Amino acid sequence: VPDDPAPSLRPPDAIMAISPGPAPTDVFDVAVIGGGVNGTGVARDLSLRGLRVVVFERNDLAFGASGNSSGMIHGGVRYLSQSPHVTETSCRDSGYIQHIAPHLLFRMPFLMPIKTGLKGRIAIELIDAYFRAYDDYQPLKRGEPHCRLDASDMSRLEPGLTGSLLGGITFDEWGIDGARLCTLNALDAIEHGARVHTHTTVESVTRAPPAPDGDPVRYVVEGRDLLTQEVVRAAAHVVVNATGAWSPVTASLGGLPQARVRVRPGKGIHVVLDRRLTNYGILSEAIDGRQIFLEPWQNVSILGTTDDDYYGDLDDVRATSEEVRYLVQGVARVFPSVRTARAIGTYAGVRPTLYAYGKPEDALSREHEIVDHAADGSPGVYSMIGGKLASYRIFSQELSDLTSQKDFDLSTPCATHTRPLPGGERVPDALELAQKHGITPVAARRVVYRHGARALRILERTARHPSEKDVTCPCEPVLEAEVRHVVRHELARTVHDVARRTRLGYGACGGMRCAARCGQIVAEERGLPPHEAFALARDFVERQATTRVVAMGPEQARQEALTLAHLRASMGIER
Amino acid sequence: MSGVAAIVVVGAGVAGSGAAIAAAQAGARVTLVDGAAGASTLWTGAIDAGADPSDEVRAVAGRLGVVLGPSAIATTTGLVRRVGGHEAGILDLLPLLQDRTVGVVRCERPGWHASALVRTGGSGLVLLDATMLRLVDERLVPDADFAARHDDPDRLGWLSDRLRSALQRAGRPVHALLLPPSLGLDRARADELSRLVGIPCGEATGVPGGPPGLRFERARNRALASAGVAVVAGRATSVATAAGNPDRWTVRLEDRELDAEAVVLATGGLVGGGLEYQPSEAMLAAALPPTARPAFRCTIDAPVRLGAHGRPLEVPGTIFGVAPESIAWPLSRDALMDRVGVLCDEAGHAAPRLYAAGELVADTPRTWLRALESGVRAGLAAARETVKVTGAHPASHAQAPASRP
């Protein structure tokens with residue numbers, strides 16, 4: 001917005017120019033900035049209440065913390081002693097999410113090994129009692145009560161556990177694919193009238209010209225599509241800043257004081273291992289006494305997680321080899337074979353933790369908070385600060401309740417906990433689908449996991465276009481029909497977008513066998529020339545290489561060299 | 001046990017074979033140590049376009065079953081690609097796409113995207129529906145196994161019947177047929193099928209690990225035999241100056257020793273297995289590493305220096321070991337992993353009478369033609385040296401063309 005020296009949300013007298021260029025043609029009730037789980041959650045909630053919503057996402061849905069979490073909807077067991085109501089709402093919300101997206105959740109029991117010795121003998125009693133209290137909340141999320149196990153039970157359940165164990169405690173949690181959760185929320189919002197712009201960065205939020213006829217439009221959000229460089233403009237009555245760790249940056253675009261939406265960004269990394277090493281999640285202690293874990297997640301295992309203050313580039317968060325060592329070393333103390341397991345990648349995200357000074361990272365509150373910028377002279381502008389994946393729905397409801405009453409005088413109740421997410425109406429039988437459509441049962445199970453009842457639509461495509469039964473990504477596996485589906489119906493615009501929605505290219509081969517083909521399909525669906533296809537593929541593979549390299553042993557180095565060599569060969573690039 | 005050879009070439013991939021054949025043709029006595037499959041057998045059959053290759057390189061490429069020159073081939077990623085050459089068994093679409101129609105045979109095989117090819121390959125391509133699969137499992141068997149089924153002349157006849165009837169149904173003239181990887185890139189077989197069908201038939205490139213690699217091995221074996229190169233199977237473990245004679249090398253294998261006046265190392269890079277990435281904390285987060293050292297090594301113990309960017313390799317790391325993010329892909333497009341290798345001069349000279357070729361050489365692009373070029377260059381340079389030293393060969397051979405700068 002070169003002509004506008006100070007786009008801002010400050011009171012009208014502070015604004016010099018008002019929305020330069022042609023007047024916005026698209027008018028909405030609410031503009032949501034941020035396509036993470038909170039942004040898409042709010043967009044869905046408000047759309048279900050009948051409001052017209054537009055979403056701006058600078059990168060892709062679930063690009064930040066939402067898509068890079070530990071992949072759990074947990075019940076908030078650690079808040080039990082200070083604030084049991086948080087645990088209760090967490091568990092209740094976990095139950096709701098199971099209800100609205102049954103296909104997307106998988107049970108993930110954890111083992112907490114306890115070492116022998118006096119400390120252990122005391123610890124096991126305390127932990128046992130603690131989880132007895134947690135058991136009261138488990139029925140809310142269909143969780144099993146905890147168990148106290150002796151050493152022989154532990155080694156029978158997970159023979160890879162070592163050390164002299166006194167025994168252990170189990171507790172029950174649920175795993176989820178955070179990127180799918182965001183996608184489904186966005187999808188449902190779209191199906192209820194919302195518009196979602198991905199890869200579109202907001203460049204300014206300005207106050208709209210006052211309208212004498214009582215036009216409810218108060219703000220103009222202007223964004224730029226980073227893939228096409230097109231300007232996207234939307235007018236709205238309410239603006240929601242749901243940009244997680246980016247929140248202060250977003251606030252400053254509207255001229256709001258950054259200090260009002262201060263977060264303390266905490267970087268968390270995960271290491272991905274090539275297969276399910278265990279049947280249970282396993283807790284362990286890192287060198288500094290923090291709790292870390294190894295969990296079987298979809299078809300891989302995940303080591304997590306770190307929590308460190310982060311001051312770097314939010315658009316390019318990467319794990320480092322020190323962080324990888326920290327996790328491997330910590331988990332290896334109870335599960336040594338993690339050292340020789342094959343790491344196939346890492347991922348990193350930044351938590352938008354509520355700001356506090358003088359506390360270590362782990363002691364920070366995981367609570368969430370709504371900031372009403374009416375106090376800053378910008379009525380109808382809200383920021384969503386803090387929160388976690390498991391509480392996205394209740395957080396979204398809180399904000400939606402507030403704005404629908406205050407700004408729209410609307411009393412439609414929230415429906416996000418009762419109406420299923422797209423595909424969540426029922427979970428089809430994967431084996432039956434495999435037989436009916438002549439695909440492998442594994443491919444059928446995976447597509448049902450990701451899409452629930454909508455898997456039927458994808459597979460029906462293959463009846464009309466049999467060539468779309470081709471397996472594009474053999475590791476996951478992902479069929480060509482699904483790749484086309486997510487480009488057409490789920491806002492995927494790059495190979496990486498397809499990967500987030502389908503896990504294509506996240507397997508052991510690192511995209512060697514699928515990236516080029518996927519790039520081609522995406523380019524074809526978007527009407528781009530063939531060389532763009534390879535640019536999309538190369539961007540993905542190179543970005544993935546940077547995330548894998550830090551966890552790379554000799555074997556992975558060879559695989560990486562092969563992946564890049566193959567891709568270069570198939571694309572005709574020398575290096 | 002020990003043998004006498006003027007030149008020992010270690011590595012039987014593109015670079016090693018090129019070096020051995022070129023040196024043998026220049027009059028040297030050559031022994032090639034074949035340590036089994038490396039990156040060359042993962043070749044997809046396409047040659048990247050590059051600088052115009054020399055006559056020697058062209059000659060050796062021809063012996064290895066490769067056609068050089070501008071051509072267009074179909075890939076398994078569903079694309080028609082302009083290339084600088086290809087495995088002889090692949091159908092060159094370039095002359096056909098000028099004014100003819102090429103039928104792309106639809107087939108439910110992994111990695112065969114006939115409709116994508118037709119969409120991206122230009123107006124000369126049309127889809128053709130023909131049954132190529134006879135058994136249910138043929139939707140999934142590997143390319144090489146599928147190709148092996150066409151060893152049976154009856155099966156090839158059956159296929160040609162299907163293709164002919166598809167051509168009749170096509171409703172427009174079709175001048176050539178493009179098939180999925182199905183014939184093992186066997187030119188003779190493709191010619192036989194073309195004869196049966198009545199128009200030229202040929203294949204697309206393969207996937208890594210498929211028929212092009214196997215075809216390369218077969219063509220290489222024939223070329224080595226006809227050039228008179230002795231082939232020894234086994235893994236070389238070290239190259240060292242011979243005891244009592246600093247002008248000769250001893251190449252140690254697991255079960256024998258070879259004596260050489262000159263040695264060409266062509267053992268491959270990271271993919272081929274000639275170079276190893278071996279961080280001192282290979283087991284991720286074990287105890288402190290015993291010593292800090294460069295994270296790469298040659299799999300053969302030889303008096304060469306590893307380097308990248310023209311400089312010897314340093315110890316990149318901390319007391320906890322290597323920090324891969326600072327040395328590996330892809331901080332920049334030319335990060336260390338891509339460039340590390342043996343330091344040598346233009347002719348591949350790494351030490352007196354010791355040459356390196358192919359992906360083992362530092363700072364070289366990893367392509368088929370570059371590997372062959374560096375192999376031929378090293379082979380010729382080694383031959384010049386040994387022929388001069390032994391004086392055992394006619395002068396005409398010793399005057400083999402000098403390598404290009």
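Me: In this predicted model, where two strands count as paired if DSSP finds at least two bridges between them, which residue of E8(B) does Gly103(B) stand opposite?
Reply: Strand E7 of chain B covers residues 102–106, and E7(B) pairs with E8(B) in the parallel sense over five bridges. Within this pairing, the residue of E8(B) that stands opposite Gly103(B) is Val126(B).

Me: Which strands form the edges of the open four-stranded sheet in chain B?
Reply: The strands of this open sheet follow the order E8-E7-E9-E10 in chain B, with parallel pairing. An edge strand pairs on one side only, and in chain B that describes strand E8 (125–129) and strand E10 (201–203). Neighbouring strands are turned against each other by 35° on average, direction ignored, while the edges asked for are E8 and E10 of chain B.

Me: At about what angle to E8(B) does helix H6 of chain B run?
Reply: Helix H6, residues 153–169 of chain B, lies across E7, E8 and strand E9 (176–179) of that chain. Helix H7 (187–197) of chain B also packs on the sheet, where it touches E9 and E10 of chain B and makes about 145° with the direction of E10(B). For helix H6 of chain B, the angle to E8(B) is about 120°.

Me: Is Thr416(A) buried or exposed?
Reply: Thr416(A) is placed in the loop between helix H8 (392–406) and helix H9 (430–437) of chain A. Not counting residues up to four places away in sequence, Thr416(A) touches Arg44(A), Asp45(A), Leu48(A), Ile100(A) and Arg393(A), and its side chain makes a polar contact of 2.9 Å with the side chain of Arg393(A). Because its relative accessibility is 3%, Thr416(A) counts as buried.

Me: Over which residues of chain A does pLDDT stay under 50?
Reply: Chain A averages a pLDDT of 90, and 94% of the residues score at least 70. Where pLDDT is low, the predicted coordinates should not be read in detail. That caution applies to a stretch for which the model has 42 contacts beyond four places in sequence, and where pLDDT stays under 50: residues 1–21 of chain A.

Technical notes. Residues numbered from 1 in each chain as written. Chains lettered and ligands numbered in written order. Predicted model: local features only at pLDDT ≥ 70, side-chain atom pairs only at ≥ 80, totals over all residues. Heavy atoms only, no water. Helix = DSSP H or I, 4+ residues; strand = E, 2+ residues; numbered from the N terminus. Buried < 20%, exposed > 50% of the residue type's maximum accessible area, 1.4 Å probe, protein only. Polar contact = N/O pair within 3.5 Å; in protein donor to acceptor, adjacent residues only side chain to side chain. Contact = heavy atoms within 4.5 Å. Pairing = 2+ DSSP bridges. Axes fitted to C-alpha atoms, helices over the stretch in contact; angles between N-to-C directions. pLDDT = per-residue confidence, 0-100.
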